[in-house]
Amino acid sequence: MTQQIRQGVLCKEWQRTPMQLLQEYCRSVKRQPAHYHNAHSDSEHTFRVRCVLSDAKSKDKDLIFCPTQSVDTTLDDAKHCAALLALLHLEPSRPHERKLPDPYREMWLVLQEEQKQPAFKPFKKSAAAAPDASSSSDGDAAHGKVVVLTSDRAFASKAEYTQSKRSRENRDRANIPVQVFMSQKARDLVESVLADVDNSLDPMGFQPMHIQAVVDRCPDLTDDTSVLDWLCLNVPEDELPKGFNPNGTQLEVVGYGVVAKAAKALETSAAYDPALHDAVIDQLTACGYSRGDCLRALELANAALPNAHILVVEHEIKLELSRQLRRALSVREPDSAGGRSVEELEEALDEELMVMESIYDDKCTKTVLSNLNDLASKLYGEPMMYELSSAVQGLVHQPKLAKPVELFREDPVATSAQQTRAKLPAYQERETIVSLLETNQVVLISGATGCGKTTQVPQFLLDHFIPKQQTCNIICTQPRRSGRVFPLRVFNKCICIRLAAIGVATRVAHERTESIGESVGYSIRMETRRSPETRLLFCTTGVLLRRLLQDPVLEGVSHIIVDEVHERNVDTDFLLSILR
């Protein structure tokens with residue numbers, strides 16, 4: 001490939017000199033071409049050139065670039081150096097190294113690397129970054145060094161300087177220093193606190209210049225938490241100590257410093273052993289107790305029963321937490337019978353039964369009250385009003401079945417319902433859906449509106465598993481909104497039922513020719529219709545989330561169907577993240 005000399009530089013055919021690249025940039029943005037003027041140099045045998053990019057509207061916006069270093073080769077080399085500084089200011093991220101010839105290619109790469117240095121780097125003088133005026137470019141090339149160009153001014157134009165000055169003045173006016181008068185004793189105290197800050201940050205891994213920046217810029221920060229906050233906000237992420245995680249992880253908070261030291265001291269005083277106590281503490285924290293309270297209870301348990309078995313320690317921790325919780329809530333200690341005799345207890349039970357019968361007529365019996373009492377004893381110390389209300393609805397409205405659940409009764413209504421189901425598009429994919437559900441843990445079903453996804457897929461599972469005497473207990477969630485309706489024709493009357501948990505359950509129960517609460521039920525807030533024979537339960541997403549708090553593994557549930565998942569609301573997204 002042929003080479004030629006352009007503007008005093010030996011270039012290949014496809015290469016461009018810095019002055020050529022700057023000229024091409026001015027043409028692309030329709031700016032006036034650059035002008036080059038001689039500047040004062042260190043000696044008669046060296047050259048310095050000032051590159052000026054004039055602005056058509058205001059002289060204050062003229063850009064001026066002049067390197068600090070002098071060049072002792074040619075005047076064209078000095079112009080190229082000034083053009084390089086102009087290109088760095090105008091196009092700092094442009095890969096000009098692909099077109100620049102040597103040695104300007106290496107100089108451009110060094111300039112870009114210097115510009116990427118973090119803001120907290122110590123200030124370097126121009127003499128340390130560039131060669132002396134007495135040293136020449138040829139001497140640097142002979143020693144294999146690259147000249148690091150630096151500008152002789154901090155701002156390229158007068159307008160930039162004015163804008164920076166105005167911003168600095170506005171910042172100073174917004175942060176007026178307050179004069180504080182203090183005695184020598186108070187001054188000594190403040191100085192000792194600042195010295196403690198310096199001594200406490202150094203072991204954490206912070207660099208000395210960062211610690212000095214806190215002391216110089218924020219002398220009013222005295223507590224460790226505020227100092228750490230300032231450092232985490234102002235120190236570049238790649239310069240933070242390893243103990244800090246600037247990016248963070250999902251559902252995780254990284255603690256360090258004073259809080260971590262306090263937690264470590266608490267673990268030491270409680271004789272905490274991760275292998276023995278992790279499972280117990282994790283179980284208690286999942287119920288809402290803080291880790292600090294669990295460790296304090298562990299400390300008291302070890303003090304009361306030293307060298308005891310882990311099961312005994314676990315029981316003692318739970319008792320201590322229960323005592324502390326009752327003390328915080330001002331709840332008296334429970335006793336066996338509340339200080340009442342058997343006759344008084346029987347009389348109280350009769351009164352409760354009378355009240356329940358006045359609300360639910362004769363549907364409430366002593367058996368219902370006994371079941372509620374057992375449930376309340378299991379939920380002692382936990383929120384129970386919602387569970388007890390749902391249990392009352394289920395027990396009172398429980399239908400009395402004289403025979404096992406039947407898939408379809410032999411009557412004209414069942415035959416008509418079966419024919420209606422067979423006409424739906426989803427029914428044609430019945431075998432495929434059942435096969436996929438048997439071989440996959442998660443199945444995503446998509447179909448047009450009205451094809452039968454909501455009402456037919458749960459019935460496919462019932463029809464497939466119940467005759468085989470396999471476990472089948474399905475929960476199908478429905479969104480809260482109810483914008484569409486289902487027309488049901490019962491006894492030649494058209495009934496419109498909204499598409500929600502109640503509406504879908506009613507539709508499915510009608511197709512199966514049975515009443516709500518038999519094999520198909522529903523559960524919404526403050527209303528439940530189900531029985532022990534219920535195998536398909538339609539509920540809102542909130543009800544299922546509430547159940548997951550008490551039963552994280554959903555014991556006895558074989559399938560979970562999340563309907564209308566494409567609507568993307570907060571409850572559905574949270575439920576999917578838990579199920580995953």
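This is a predicted model: local features need pLDDT of at least 70, side-chain atom pairs count only at pLDDT 80 or more; totals for chains, interfaces and linings use all residues.
Local features need pLDDT of at least 70, side-chain atom pairs count only at pLDDT 80 or more, and totals for chains, interfaces and linings use all residues. Residues are numbered from 1 along each chain as its sequence is written, and side-chain values use heavy atoms, with hydrogens and water left out.

User: How many residues of helix H21 are buried?

Analyst: Helices are DSSP runs of H or I with at least four residues, numbered from the N terminus. Buried means under 20% relative accessible area, exposed over 50%, and partly exposed in between (1.4 Å probe, protein chains only). Val504, Arg507 and Glu511 are among the buried residues of H21. Of the 11 residues in 501-511, the number buried is eight.

User: Which residue just after H21 takes a positive phi?

Analyst: H21 spans residues 501-511. Just after H21, a positive phi of about 55° is taken by Thr513.

User: How many disulfides does the structure hold?

Analyst: A disulfide is a pair of cysteine sulfur atoms within 2.5 Å. The cysteine sulfur closest to that of Cys66 belongs to Cys51 and is 9.7 Å away, too far for a bond. Cys66 is buried at 0% relative accessible area, and Cys81 is buried at 6%. The number of disulfides is zero.

Notes. Helices (H or I, at least four residues) and strands (E, at least two) are DSSP runs, numbered from the N terminus.
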